[in-house]
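Please have the sequence and the structure open side by side.

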Amino acid sequence: MGPRDLPDEIDYHFAVLKDERIAMGDTPEQADAFARRRLGSRTAIGEAVYETRPLHVLDAGVRDARLAIRTLRRNKAAYVAAAVILALGIGMSVAMFSLVEAVLLRPLPFPRQQSIQVIWKVDPLAGSHVEELAYPELRDIEEGIPDFEYVAVMPTSLYGYARVLQTGKAELVQIESAPVSHDFFRVLGVKPALGRDFTSDDERVGAPPVVVISDAVWHDRLGADPNIVGRVIRLKGQGYTVIGVMAAGAEFPRGAGLWIPLGVERAIVDRRGATFLQAIARAKPGVSRDRIAVQVNALFARLAADHPEAYTRSQRGVVTPLVEYWTGSARLHLWIMLGASLLLLIASIISAGNLLLSRTLSRRVEIATRMALGARRRQVLSQLGVEGILVAIMAATAGLCVAQLAIRFLVRWAPGDIPRLPQAALDAGSFCFAAGAAALAAVACTVISGWAATRVNLESALREGGVRLSWSQRAGRTKNIFMLAQAAVTVMLLALAALLVLSYRAMMSSDIGFTNRDALTMNLQLRGPGLFGAQAFDPKFRRSFYTQLLDRLRASPRVTSAAAVLLRPLEGTIGWDVSYEFEFEAGGKDHRVLPKTNYEVVTPDYLKTVGTPLLEGRDFDAHDSESGEPVAIISESLAQRIRAAGHAPLGSRLRLGLGGPRWSKVIGICADARYRSITQKGADIFVPYLQASQPTNYVVIRGTQSAGELAALVRRTLAAIDSNQSVGGVATIGELIDANSARHRFNMLLLLWFGACAALLAVSGVYSVITETMAARDHEIAIKIALGAQRFRLVREMVSRTLVFVLAGESIGALMLCAFGKLGADLLYGISPRDPLVLGSVAAFLFMVSLGAAFWPAWSAAGYDPKHSLRVS
Amino acid sequence: MARQAKPVDILQGTLNMMILRVLQQGPANGYEIAKYIEQRSDDLLQVEHGSLYPALRRLEAKALIKAEWRVSQTNRRARYYALTAAGKKQVVVERSHWKTLVQAIARVMRPI
């Protein structure tokens, strides 16, 4: 019953009609003509019948596809070029999307993750970024906020809690560990894969030591022993019973391999002054974050009133969803980079659309002919659509390959501090994204241009003939809009890239206070048993240990200087802050808010070793000991505060903490150094190690040897003193600076690449538009030349018509950047996103390049011999 | 495509109904159906013969009619259409619809 029967059926009908007329006396010719008229066109009947079939749309698709492949073959170069351009745009944006998905969108392994909140405090008055909590506040929160299902506390940073695992093999392994209160895993909503969770019994003063180990540690260090639960492992020389193995993927805080109960030391369970914690809480279902924030702040205000000796009234609670805490500032950075890659995608779609529009326009004779022969507009459009889809499929396939390469490259190249980035890979989401981008590209590339192309005056198109057709008012307008949009996108990308380059330069050239990039630093924390391993030793012992170690190191002829410090530069965003007051401002109210600043315990020679210039006074020396007068060195901005108050900094006295026990005399002023991050200014207070109760945990050493040899020297010297200690985290100051600026460098290089691609696309767009204008109007130009028009004036006329659109696009791009630039301010350092100089020079650059791209073809076209081009037509 | 104006003499949508009505009398081929409609309307209705075929295919797709190749009276092979059971029911339905419609229109159109 299909259409195959139709011709026979029509034949029959035709024959009978003809017979009827012949019988009525017509000649066969007359009868033929009558039958034809009566029946109508066979093709039309065929098509009408064809369209009654439910699947005819698909069939037409196949037909159009065949035609499309044929035209594709004929116009290979243009389509391949379009596909390559699109593949670049799709590839880069898919790669960025995969990173965003892996880092930000994929849910964490914790059920109902949005209910988990991390809580700490800030004190705007003291200028501190993070005020940590103390253990007693755990109970305050548990009792004060009934909307929480579970609450736990954990340290704000992993720093200082690493434990040496002694497996009995020769090599000691240092494993990051997190002391947590017993509800920690219930807050996260994870259960051990083996064994049991902590209970409140594990967390009381004097409880037998127990540990939960991570899946990774269990596999890598303990041979995935199925009977591990109940076994005792040795950490820092102390036996811990393994009570559980945590499920894989639940390593929180990031990098933790061991969890041990926190509240087992009397020193912390009752002391409100021992602040080193943050809370993590799981809200009951349906409780909003705002409501929690209100409750948390009310609680902290109440606590400040109840315990004026411990808290200041200006402290505010900070409630951060775990999801945001987990990714930190990487969140914003990744979204911005995804946005930039989408701009590149748009630029590539515009470019490809432009290219295919030219192709379509040059095929206008073909299209006009088909339409004259009875093809309907819809059919022409669908044929163009199929061509576009074919290009888009090629582009999407190639784009996925590009994305695969880009992801690998980005993962290897990206800074290591973005969690879950290495898990980025192409998956269903990326495929959907690529398909969406490709579909958008297909529509933009063909349907828009096809629409322009099919709205032609058939007669004039056929009559004019030849290349001159390729230009029409409408198509010209479309191309100009393409060019405008592209200029806008390109200006935005280039300006972002320029801003990042400038801020990177500012970052690298700013005086961060450490001039000796070659100074080698390493963690050497004396480890003993107990929660705070270093405190297991008495301060006297630690000091003498360090004195002995440094003396031996300094004795080596290859060592220029060696020193030790509490916390090395750029170790993390959370360091050791201390509140302080100068003698001249002391007194007054009992519970004033004291400013806080970075606190370092150092040995003599420390400043010299890291290269922080001593501006006035002297460095510490061996006389600044327990029995000597308490002394301190302050950094320049603190000294300025003293000077501003009309006092001489040198010789003035300060004390640490409100009503601190003793006054220290300022004996030196050094330059400000940036200990937290290279973009964060700050002031520092240094005290000599012999006068501080806090330990020095990092060795800093400079010498005439390579970093590797210096590290080996330290290890050898250390082994000779105490074979139970080990060093970790070996890095030069230069490496620390590089690691700290790695994310910025990554962002900058990525945007430079995006910007360069976009600029190239924009310039080639301008070139092609001008070339086509000239080709389309060569007749007109030839006549003008023949009539004596000046070459330069002609060129100026052609070029300026096009460049107006580039300029307009640039202005739109600049405006967009001004409007949305604030979003990216976090990426920048020392420069405003609206910096007029940057916007101006980027716009000027793009304009000059476009001018070049436009001028060249225009100039050569205007130089043709008019006779030649007039004769041709 | 040179599209000629369609003859307005067949009311949109009535062709299907008339085809079904014709087939109620027994199987017929395309030519016969066209002729029959023209004759029964005393040649008042001019069927564009070509337009029969899409209509026939549509009815066939709805399983209201079925087709088979047979030899015609003039000894040629022709495709004959016949009502299916569903088609027979449909004619009754369409006829009553049509009656109602015609009466309604007649009332509207009667002289005031």
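A:Gln548, A:Leu549, A:Arg552 and A:Leu553 in α18(A) meet a set from α21(A), namely A:Val714, A:Thr717, A:Leu718 and A:Ile721. Contact here puts the C-beta atoms of two residues, placed from the backbone, within 7 Å. Nonpolar covers Ala, Val, Leu, Ile, Met, Phe, Trp, Tyr, Cys and Pro; charged covers Asp, Glu, Lys and Arg; the others, Gly among them, are polar.

This is a predicted model, where local features need pLDDT of at least 70 and side-chain atom pairs count only at pLDDT 80 or more, while totals for chains, interfaces and linings use all residues. Residues are numbered from 1 along each chain as its sequence is written, and chains are lettered from A and ligands numbered from 1 in the order in which they are written.

Back to the two helices. α18 of chain A (residues 539-555) and α21 of chain A (residues 707-721) pack at about 135°, their axes 10 Å apart. Axes are lines fitted to C-alpha atoms, for helices over the stretch in contact, and angles between N-to-C directions run from 0 to 180 degrees. α18(A) and α21(A) are therefore oblique to each other; angles under 35 degrees count as roughly parallel, over 145 as roughly antiparallel, 65 to 115 as roughly perpendicular and the rest as oblique.

Next, the chain contact. Chain A and chain B each bring 18 residues to it. α1(A) gives the most to chain A's side, with seven residues. That side has eleven nonpolar, four polar and three charged residues. The helices below each supply at least two residues of it.

| Helix of chain A | Residues |
|---|---|
| α1 | 6-23 |
| α2 | 28-39 |
| α3 | 42-52 |

Helices (H or I, at least four residues) and strands (E, at least two) are DSSP runs, numbered from the N terminus.

Chain B has an open, antiparallel sheet of three strands in the order β1-β3-β2. Its edge strands, each pairing on one side only, are β1 (28-29) and β2 (65-71). β1(B) joins β3(B) (residues 77-83) over two antiparallel bridges, and B:Ala28 has B:Tyr81 as its bridge partner in β3(B). Strands pair if DSSP finds at least two bridges between them.

Finally, the whole of chain A: 26 helices and 25 strands. Its radius of gyration, taken over C-alpha atoms, is 38 Å, well over the 29 Å that the globule rule gives for 873 residues, so chain A is more spread out than a compact globule. That rule is 2.2 Å times the number of residues to the power 0.38.
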